[in-house]
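Overall figures come before the spaces themselves.

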Amino acid sequence: MANYRINEDVRLIRELLDLSQKQFAEKIGVDVVTVARWETEEITASDKNMEKIYTCAFDNKIFLNEIKAQLYEEDLANENRKVLYHGAKSIIDGAIDSKHSRANNDFGQGFYCGESFEQSSLFVSGFDNSSVYIIGFDNKGLSSIEYKVDQEWMLTIAYYRGRLKYHENHPLIRKMIKKLDNIDYLIAPIADNRMFRIIDSFIEGEITDEQCKHCLAATNLGFQYVFKTNKALSQVQILERCYLCNKEKERYQNRRLDDNRISDSKIKMSLRQYRGQGQYIDEIL
C-alpha cells in the first residue's frame with residue numbers, strides 16, 4: 001500500500017532550497033548520515049523527524065502537497081483519469097474497501113473522496129496521525145448518479161444520517177433511496193457537520209426547503225465521490241500518501257475559519273430572503 005515518499009521528498013526539498021545533504025541535516029537538526037539513508041531508503045524517518053522535514057519545507061514556502069496534487073491532475077488528465085483525495089485519520093492498511101466506513105455517513109457505507117486536497121486535509125486536520133491519499137480513478141464502464149444542492153440531496157442525506165426514522169417508508173423516500181440500488185458510485189455536494197445542522201433545521205420544521213437549499217449553497221465545500229461497489233473500488237488506485245505537518249493543518253483550519261465568517265453572513269441573508277418560500281418538511285412528506 002502506498003506510503004510516504006520520504007526519499008523523493010527530501011531530495012526535492014533539498015534541490016528547491018539548493019542545499020547539500022550536510023546543509024539540510026544541519027537545518028533540521030539531524031546527522032548527515034541520516035539524511036543520506038533517508039534518500040537511499042535504508043531507513044525510515046521517525047515521527048519527530050517527519051515533522052521536521054515537512055515543517056522545513058512549509059517554513060520555506062514549499063507547499064509540497066499542493067505541488068504534487070497539481071502535477072498529478074495534469075498527468076492523469078492525459079490518461080482520462082480523475083484525481084481525487086481521501087483524508088484519513090490513520091494509515092489505509094490493505095486493499096481499499098467500504099466496510100470500514102460508518103453506516104450513517106452522507107450516503108451510507110462507501111469509500112469517500114473529495115475533489116480538493118485542501119478540503120480533504122481540513123476534514124482530518126484535527127487528528128494527530130492523519131494524512132491525505134492522492135487517488136486515481138477511472139470511471140470507464142461504471143454506473144453513477146450525480147446530485148446537486150436540492151431537496152432530493154437534502155432528504156437523502158437526512159435519511160442516511162438517521163433523521164427520517166418516522167418517514168423512511170414514505171413513497172418519496174423509498175423512491176429516492178431505490179435510485180442508489182446497483183449504482184457503482186455517486187457524485188454529490190459535501191455536507192460537513194455545520195451543513196448538516198442546517199439540514200436538521202429543515203427536518204425539524206424550522207425552515208423551508210428553499211431556505212435550506214440556499215443556506216447550503218452559501219456554505220459550498222465542493223463535491224465528493226462515494227464508491228459503493230467492489231467494481232468501482234477496483235478502478236480506484238492509491239497514488240501517494242501525503243504527510244500533513246502541523247503548520248499545514250493550521251493553515252487549512254484558518255482558511256476554513258475565514259470561509260465560515262463569509263458564509264455565515266450568506267446564511268443569514270438566505271434565511272431572510274427566502275422566508276416563507278418553498279415547503280416545510282410536513283408539507284413534503
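The text below covers the chain as a whole, then its pockets and its cavity.

This is a predicted model, in which local features need pLDDT of at least 70 and side-chain atom pairs count only at pLDDT 80 or more, while totals for chains, interfaces and linings use all residues. Residues are numbered from 1 along each chain as its sequence is written, and side-chain values use heavy atoms, with hydrogens and water left out.

**Chain**

The protein chain has 13 helices and seven strands, taken as DSSP runs (H or I of at least four residues for helices, E of at least two for strands) and numbered from the N terminus. Its C-alpha trace spans about 70 × 40 × 30 Å along the principal axes. Of the 285 residues, 48% are buried (under 20% relative accessible area, 1.4 Å probe, protein chains only). Contacts (heavy atoms within 4.5 Å) between residues at least 6 apart in sequence join residues at least 24 apart in 81% of cases.

**Pockets and cavity**

Spaces are found on a 1 Å grid over the protein atoms alone: a cavity is a set of points where a 1.4 Å probe fits but cannot get out, a pocket is an open set with protein on both sides within 12 Å along at least five of seven lines, and lining residues have an atom within 4 Å of a point. Grid points are joined across faces, edges and corners, and a volume is the space filled by probe spheres set on the points.

| Space | Volume | Largest share of lining |
|---|---|---|
| Largest pocket | about 1,300 Å³ | helix 6, five residues |
| Second largest pocket | about 460 Å³ | helix 4, three residues |
| Largest cavity | about 80 Å³ | helix 4, three residues |

The largest pocket is lined by 41 residues, and His86, Gly87, Lys89, Arg102 and Asn105 are the closest to its centre. Strand 1 (82-88), strand 2 (111-114), helix 6 (117-124), helix 9 (193-203) and helix 12 (246-273) each give two or more residues to this lining. By class, the lining has 15 nonpolar, 16 polar and 10 charged residues.

In the second largest pocket, 23 residues form the lining, with Tyr4, Ala45, Asp47, Met50 and Tyr243 nearest the centre. Helix 1 (6-17), helix 4, strand 7 (236-243) and helix 12 each supply two or more.

One cavity of 30 Å³ or more is found in the whole structure. Its lining includes Tyr54, Phe58, Phe63, Tyr243 and Glu248.

Note on methods
Buried means under 20% relative accessible area, exposed over 50%, partly exposed in between (1.4 Å probe, protein chains only). Ala, Val, Leu, Ile, Met, Phe, Trp, Tyr, Cys and Pro count as nonpolar, Asp, Glu, Lys and Arg as charged, and the others, Gly among them, as polar.
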